[in-house]
Each structure stands twice: as structure tokens, then as C-alpha cells.
Amino acid sequence: MTVCTQAIRSLTLTVLGGAVLFTQAVSAGEVEDAIAEQIAQALPALGELDIQPTEAEGLYQVITEQNEVVYTTADGQFLISGELLQVTEGGLVNVTEATKSELRVNALADMGDDGVIRFAADGEQKAAINVFTDIDCGYCRKLHADVPRLNELGITVNYYAFPRSGPGSSSFAKYESVWCAEDQRSAMNSAKQGESVTPASCDNPVMEQYRLGRQLGVTGTPAIVLEDGNMVRGYVPAEQLAKGLGVL
């Protein structure tokens with residue numbers, strides 16, 4: 001359960017008890033600040049909030065410090081956790097996922113790519129994918145076996161660490177050893193084939209990348225974040241992935 005979900009449940013009980021209420025009306029220009037203050041007082045665990053109006057009248061988008069997206073009514077008394085879908089002439093548009101995609105792009109840009117383990121495209125790069133991976137994940141290994149083909153098709157693969165078992169686990173230590181190896185690509189190839197990795201330690205970004213993955217909504221591996229911020233959850237064969245990227 002996320003921090004936001006736990007907090008919303010707590011807020012629901014408070015609202016039902018009648019303790020969380022606006023004491024005065026606010027003008028349109030003050031709504032966002034009033035909502036932020038209201039939620040911050042009730043749910044300080046959510047941290048700094050970004051409040052923006054949505055195209056749905058009376059409904060506001062709330063982005064928490066953990067990059068979780070929820071919605072609130074203009075009076076701040078009700079929080080809605082879930083996906084906001086907009087009906088358009090072209091069909092349903094997932095407004096929430098569009099927001100999350102933008103957040104992923106910005107978060108990856110802020111992180112920078114100095115700490116990634118990169119398998120660059122052969123020749124001209126036509127696309128790039130950012131993969132949150134676990135050394136011991138079976139489908140991650142299956143995806144890694146496709147990396148040469150992806151590179152051949154002009155797709156760069158950037159690996160970010162996401163040892164699913166978390167800090168202190170053997171998978172976490174393996175990723176640290178791979179990252180700290182003199183030849184990271186060779187060490188990654190060996191580890192993905194189930195071979196033992198020479199233990200190594202150094203200053204590394206594994207914990208930071210793991211936390212980033214959690215922040216971006218990674219719950220399983222492989223999790224593939226595309227250049228537009230959309231996330232593909234799970235293994236996708238190389239040819240199918242390339243078609244989806246418009247490379248084939």
C-alpha cells in the first residue's frame with residue numbers, strides 16, 4: 001500500500017468524523033493554495049503538493065512529493081484515488097497516465113544518465129528504452145537475451161537498478177557488484193546468464209535508482225519506460241517492442 005493510499009484512508013475517517021472542513025469560501029484565485037493548506041494539515045506525510053485544476057469542472061489534480069497523483073474537490077473535503085478518464089471524439093483518454101508519463105520523463109531527466117548501464121544501439125540510434133531490472137528476474141533475463149537484437153535494430157537499452165527483494169538482499173548486492181565491476185556490460189551479461197559475479201563495492205547509485213523506480217510506480221520487473229514516459233510492464237519480445245517504438 002502506498003503512502004498516499006494509507007493517507008487517503010486516514011483522511012476519509014477524519015472527513016466522516018466531521019473534523020476536516022473549510023471554514024470559509026475562497027475565490028478562484030485562492031483555491032489551489034487553500035486546497036494545499038487543507039491537505040497538508042490533514043496529511044503532512046504527503047509532503048509538498050502541486051495542485052492544478054483539471055478540465056473537469058470543480059476537480060483538481062494533486063501531485064504529492066512521492067509523485068503520486070490523486071484528485072480533490074474544490075473545497076478540499078474529498079480525495080479521489082484512481083484514474084481520471086476523459087471522453088473525447090477519439091475515444092477515452094487516460095488523463096492520469098498522461099500526467100504520470102510526464103512525471104517519469106522529468107524524474108529520469110533529473111536523475112541523469114551517468115549511473116545507467118548502457119547497451120548502445122549499433123550505428124544510428126533510432127530509439128532508447130529505460131529498463132528497471134533485477135539481476136535474478138527470469139523475464140529480465142529473457143529481455144536481456146534480446147538486447148543484441150534490440151541494439152541491432154537501433155534501440156539503446158539503459159538499465160536502472162530495481163532489485164525487487166530490496167536493500168540487504170542478495171539481488172541487491174549482485175547489482176552493486178555489477179555496477180562496481182571494471183567492465184559493467186560484461187558483468188551484466190554474466191549475471192543475467194546466472195553466472196556468479198565477483199563481489200565488489202564502491203559508491204554506487206543502486207539505492208537511488210531503486211527509490212526512483214518505486215517513485216515512478218515500478219512494482220515488478222522488467223519495467224520499461226519509453227522516451228515519452230509511458231511504462232511497459234513486463235517482458236516484450238524484441239520485434240514486437242521495436243514495432244511499438246516505430247522502428248520496424
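Figure 1. Glu152 is exposed, with a relative accessibility of 53%. In this predicted model, the side chain of Glu152 forms a salt bridge with that of Arg149, at 2.7 Å from N to O. Arg149 is partly exposed at 28% relative accessibility. Both residues belong to helix 5 (residues 147-152) and are three residues apart, about one turn of the helix.

**Figure 2. The disulfide between Cys180 and Cys202.** The structure has one disulfide, and its sulfur atoms, from Cys180 and Cys202, are 2.0 Å apart. The pair links distant parts of the chain, 22 residues apart: Cys180 is in helix 6 (residues 170-180), and Cys202 is in the loop between helix 7 (184-192) and helix 8 (206-215). The link is left-handed, with -90 degrees about the S-S bond. Cys180 is buried at 17% relative accessibility, whereas Cys202 is partly exposed at 34%.

**Figure 3. The salt bridge of Asp134 and Arg164.** The side chains of Asp134 and Arg164 meet at 3.2 Å, N to O. This pair also links distant parts of the chain, 30 residues apart: Asp134 is in the loop between strand 8 (127-133) and helix 4 (138-145), and Arg164 is in the loop between strand 9 (155-161) and helix 6. Asp134 is buried, at 2% relative accessibility, while Arg164 is partly exposed, at 44%.

**Figure 4. A network of salt bridges around Asp136.** Asp136, Arg141 and Lys174 are linked in this network. Within it, the side chains of Asp136 and Arg141 meet at 3.3 Å, N to O. Asp136 is partly exposed at 25% relative accessibility, and Arg141 is partly exposed at 27%.

Note on methods:
Residues are numbered from 1 along each chain as its sequence is written. This is a predicted model: local features need pLDDT of at least 70, side-chain atom pairs count only at pLDDT 80 or more; totals for chains, interfaces and linings use all residues. Side-chain values use heavy atoms; hydrogens and water are left out. A disulfide is a pair of cysteine sulfur atoms within 2.5 Å. Helices (H or I, at least four residues) and strands (E, at least two) are DSSP runs, numbered from the N terminus. Buried means under 20% relative accessible area, exposed over 50%, partly exposed in between (1.4 Å probe, protein chains only). A salt bridge is a side-chain nitrogen of Lys or Arg within 4 Å of a carboxyl oxygen of Asp or Glu.
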